[in-house]
Amino acid sequence: YTNAIFNTHDISILIAIRYTNALINTHIIHIIIAICYTNTVVNTHIISIIIAIRYTNAIINTHIINIIITISYTNTIVHTHIIRIIITICYTNTIFNTGITSIVITIRYINTIVNTHIISIIITICY
């Protein structure tokens, strides 16, 4: 009887230990699953953040390239206009200078004719 009681106690202790172990193992498995799941979620978030950053960088880089192209294009247009203005000014100055030169030549020619007439009149008077 005593042995039966001892054996019963031993069996109940063994059952209790095994049950506890089963509970502990279940808890450990739950904890491992929870950690794995959390890690998966965290890794997914990190991956999505990295993708978002790369996408944003791609957009920013595209915008920067567009801005650079726009600035270069604007500069080209401005330089073209400046060159046209310079050519126009040079051309106008050439025409203006040509006009002045022709006026000076005309005046000199008229003066030469007048002087020649005056000289011929003086020679005639003297003669």
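Ile 118 is partly exposed, with a relative accessible area of 41%. Partly exposed sits between buried (under 20% relative accessible area) and exposed (over 50%), using a 1.4 Å probe and protein chains only. The model is predicted: local features need pLDDT of at least 70, side-chain atom pairs count only at pLDDT 80 or more, and totals for chains, interfaces and linings use all residues. Residues are numbered from 1 along each chain as its sequence is written, and side-chain values use heavy atoms, with hydrogens and water left out.

**The whole chain**

The protein chain has one helix and zero strands. The radius of gyration, taken over C-alpha atoms, is 54 Å, well over the 14 Å that the globule rule gives for 127 residues, so the chain is more spread out than a compact globule. That rule is 2.2 Å times the number of residues to the power 0.38. Along the principal axes, the C-alpha atoms fill a box of roughly 185 × 15 × 5 Å. Buried residues make up 0% of the 127 residues. The accessible surface is about 11500 Å², and 74% of this belongs to carbon and sulfur atoms. Areas come from the Shrake-Rupley method with a 1.4 Å probe; for residues, only the protein chains shown count as cover.

**Along the helix**

Ile 118 lies in helix α1, residues 2-126. Helices are DSSP runs (H or I, at least four residues), as are strands (E, at least two), numbered from the N terminus.

Two pairs show the spacing, C-alpha to C-alpha.

| Pair | Apart in sequence | Apart in space |
|---|---|---|
| Tyr 37 and Val 104 | 67 residues | 98 Å |
| Thr 106 and Ser 72 | 34 residues | 50 Å |

Tyr 37 is exposed, at 58% relative accessible area. Thr 106 counts as partly exposed, at 41%. A polar atom of the Thr 106 side chain lies 2.6 Å from the backbone oxygen of Ser 102.

**Patch and cysteines**

Ile 118 also belongs to a nonpolar surface patch of about 530 Å², made with Tyr 109, Ile 110, Ile 113, Val 114 and Ile 122. Patches use residues with over 30% relative accessible area and no salt bridge; nonpolar side chains (Val, Leu, Ile, Met, Phe, Trp, Tyr) are joined within 5 Å, like charges within 9 Å. A salt bridge is a side-chain nitrogen of Lys or Arg within 4 Å of a carboxyl oxygen of Asp or Glu.

Cys 90 is partly exposed, at 44% relative accessible area. Cys 126 counts as exposed, at 65%. A disulfide is a pair of cysteine sulfur atoms within 2.5 Å. By this rule the count is zero disulfides.

Key:
A polar contact is a pair of N or O atoms within 3.5 Å; within protein, one must be able to donate a hydrogen and the other to accept it, and residues adjacent in sequence count only if both atoms are side-chain atoms.
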